[in-house]
Amino acid sequence: AGGLPTVCKGVTKHITTTPVVVGERWSEEKCYREESAAIMKVQVALAGCFKVLPPQYVFDAASSHAWNNGTAATCGSLAMKAFNQADWDLGCRRLSLSDAGRPVWSFVRRTDPVTKQVTFIFVQGLANRREEETFYCNTGRML
């Protein structure tokens with residue numbers, strides 16, 4: 001995952017307190033336990049960001065977005081702003097595209113170790129994930 005140690009179905013150090021070690025494999029039981037705890041943590045925090053009760057599939061898509069980008073980022077996003085105005089279509093679209101139609105949430109940040117210059121690199125896999133979240137958010141169905 002772009003150099004970030006990942007186990008199970010996307011568990012990283014950002015969503016668990018259990019150390020994630022490169023090369024380590026977790027048992028199915030440990031994955032289930034850690035994923036369940038992480039999902040609950042993400043969703044409880046995310047629920048507090050919605051000022052309007054969303055349809056379940058909107059909440060699920062936002063949960064996926066928060067799992068990947070962090071709850072704070074999702075809560076502070078333009079998508080959440082639209083969700084909180086009950087504009088589900090706009091909010092769903094903003095999970096993957098800017099209002100100008102350009103991809104968002106599909107980049108990784110890289111810092112040059114020498115110059116400390118920060119660049120953002122487009123990752124097609126992230127764009128695909130955002131597109132899937134948007135589709136699910138709008139339809140309640142997987143691509």
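Student: Which helix gives the most to the lining of the second largest pocket?

Tutor: α1 does, with four residues. A word on the source: this is a predicted model, where local features need pLDDT of at least 70, side-chain atom pairs count only at pLDDT 80 or more, and totals for chains, interfaces and linings use all residues. Residues are numbered from 1 along each chain as its sequence is written, and side-chain values use heavy atoms, with hydrogens and water left out.

Student: What makes a residue part of a pocket lining?

Tutor: It has an atom within 4 Å of a pocket point. The points sit on a 1 Å grid over the protein atoms alone; a pocket is an open set with protein on both sides within 12 Å along at least five of seven lines. Here the lining is Lys9, Glu35, Ile39, Val42, Gln43, Ser63, Ser64, Trp67 and Arg129. The volume of this pocket is about 220 Å³, meaning the space filled by probe spheres set on the points, which are joined across faces, edges and corners.

Student: How is that lining split by class?

Tutor: Evenly: three nonpolar, three polar and three charged residues. Ala, Val, Leu, Ile, Met, Phe, Trp, Tyr, Cys and Pro count as nonpolar, Asp, Glu, Lys and Arg as charged, and the others, Gly among them, as polar.

Student: Why is arginine 130 called buried?

Tutor: Buried means under 20% relative accessible area, exposed over 50%, and partly exposed in between (1.4 Å probe, protein chains only). Arginine 130 has 0% relative accessibility, so it counts as buried. Its place is in helix α6. Helices are DSSP runs of H or I with at least four residues, strands are runs of E with at least two, and both are numbered from the N terminus.

Student: What does arginine 130 touch?

Tutor: Not counting residues up to four places away in sequence, it touches His65, Asn68, Asn69, Leu95, Ser96, Val104, Trp105 and Ser106. Contact means heavy atoms within 4.5 Å.

Student: Why is lysine 116 exposed?

Tutor: Its relative accessible area is 57%, so lysine 116 is exposed. It is found in the loop between β1 and β2.

Student: What makes a set of residues a nonpolar core?

Tutor: They are buried Ala, Val, Leu, Ile, Met, Phe, Trp, Tyr and Cys residues, joined through side-chain atoms within 4.5 Å. The largest such core has 24 residues; Val11, Leu46, Phe50, Phe83 and Cys137 have the most contacts inside it. Its largest share, six residues, comes from α2.

Terms used: 1 Å grid on protein atoms, 1.4 Å probe; cavity = no way out; pocket = protein on both sides within 12 Å on 5 of 7 lines; lining within 4 Å.
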